[in-house]
Amino acid sequence: MEYRKYGEGYVLRLDPGDEVVDRLTWLAKEEGVGLACVTGLGAAKDVTVGLFSVEEKKFYGKRCEGEYEVSALVGNITRKEGEPYLHLHITFGNPAEGEVYAGHLTRCVISATAEIFVQVWDGQAGRKFSGEVGLNLLEF
């Protein structure tokens with residue numbers, strides 16, 4: 001991974017074998033990011049996405065291995081108990097096979113490259129677990 005700061009944000013280039021969640025968590029720790037928006041695209045070979053069941057209050061994951069185009073990576077960086085907390089969603093697919101998947105991103109290993117933009121906002125927002133909903137909700 002290589003990255004550079006521009007104004008109030010960062011531009012990252014991930015390389016083959018880099019894992020998106022790991023690299024973004026590292027950046028947030030290294031640069032002290034407390035509140036940011038994330039957008040990106042690229043190519044991946046190993047992606048795990050999840051769907052949250054509101055009724056059951058639990059995530060169901062699906063792992064996809066192969067050659068995939070990441071058409072949209074969106075989300076945010078906040079903090080939970082002082083540590084970076086990433087909330088990311090991804091849409092990816094294999095046009096040759098007619099496959100398209102979307103969901104909460106758990107893991108994404110890059111196959112060729114990924115271009116990720118992190119727009120940092122002043123201040124911080126936290127996360128607090130809601131037993132009613134079953135998720136870590138934004139806390140201002």
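Predicted model: local features only at pLDDT ≥ 70, side-chain atom pairs only at ≥ 80, totals over all residues.
Is C37 buried, exposed or partly exposed?

1. Cysteine C37. With a relative accessible area of 36%, C37 is partly exposed. The disulfide count for the model comes to zero. C37 accordingly has no disulfide partner, and the nearest cysteine sulfur, that of C108, is 19 Å away.

2. Cysteine C108. In contrast to the partly exposed C37, C108 is buried, at a relative accessible area of 1%. The closest cysteine sulfur to that of C108 belongs to C64 and is 11 Å away, which is too far for a bond because a disulfide requires the two sulfur atoms to be within 2.5 Å.

3. Nonpolar core. The largest nonpolar core comprises 31 residues, and C108 is among those with the most contacts inside it, together with V20, L24, F92, L105, I116 and V118. At least two residues of this core come from each of β2 (9-14), α1 (20-31), β3 (36-53), β4 (58-80), β5 (83-94) and β6 (99-120). The most is given by β6, with eight residues.

4. Surroundings of L24. When neighbours within four places in sequence are set aside, L24 is in contact with L12, V38, L86, L88, I116 and V118.

5. The model has one cavity of 30 Å³ or more, and about 60 Å³ of space lies in the largest cavity. Its lining consists of V20, G40, L41, G42, V70, L73, I90, L105, C108, I110, A114 and I116. By class, this lining has ten nonpolar residues, two polar and no charged. Strands β3, β4 and β6 each supply at least two of the lining residues, and β6 gives the most, with five.

6. Largest pocket. The largest pocket holds about 270 Å³ of space. It is lined by 17 residues, of which F59, H87, H89, H104 and L135 are the closest to its centre. The lining divides into nine nonpolar, seven polar and one charged residues. At least two lining residues come from each of β3, β5, β6, β7 (126-130) and β8 (135-139). Here β8 gives the most, with four residues, whereas in the lining of the largest cavity that place is held by β6.

How values were computed:
Residues numbered from 1 in each chain as written. Heavy atoms only, no water. Core = buried A, V, L, I, M, F, W, Y, C linked by side-chain atoms within 4.5 Å. Buried < 20%, exposed > 50% of the residue type's maximum accessible area, 1.4 Å probe, protein only. Contact = heavy atoms within 4.5 Å. 1 Å grid on protein atoms, 1.4 Å probe; cavity = no way out; pocket = protein on both sides within 12 Å on 5 of 7 lines; lining within 4 Å. Points joined across faces, edges and corners; volume = space filled by probe spheres on them. Nonpolar A, V, L, I, M, F, W, Y, C, P; charged D, E, K, R; others polar.
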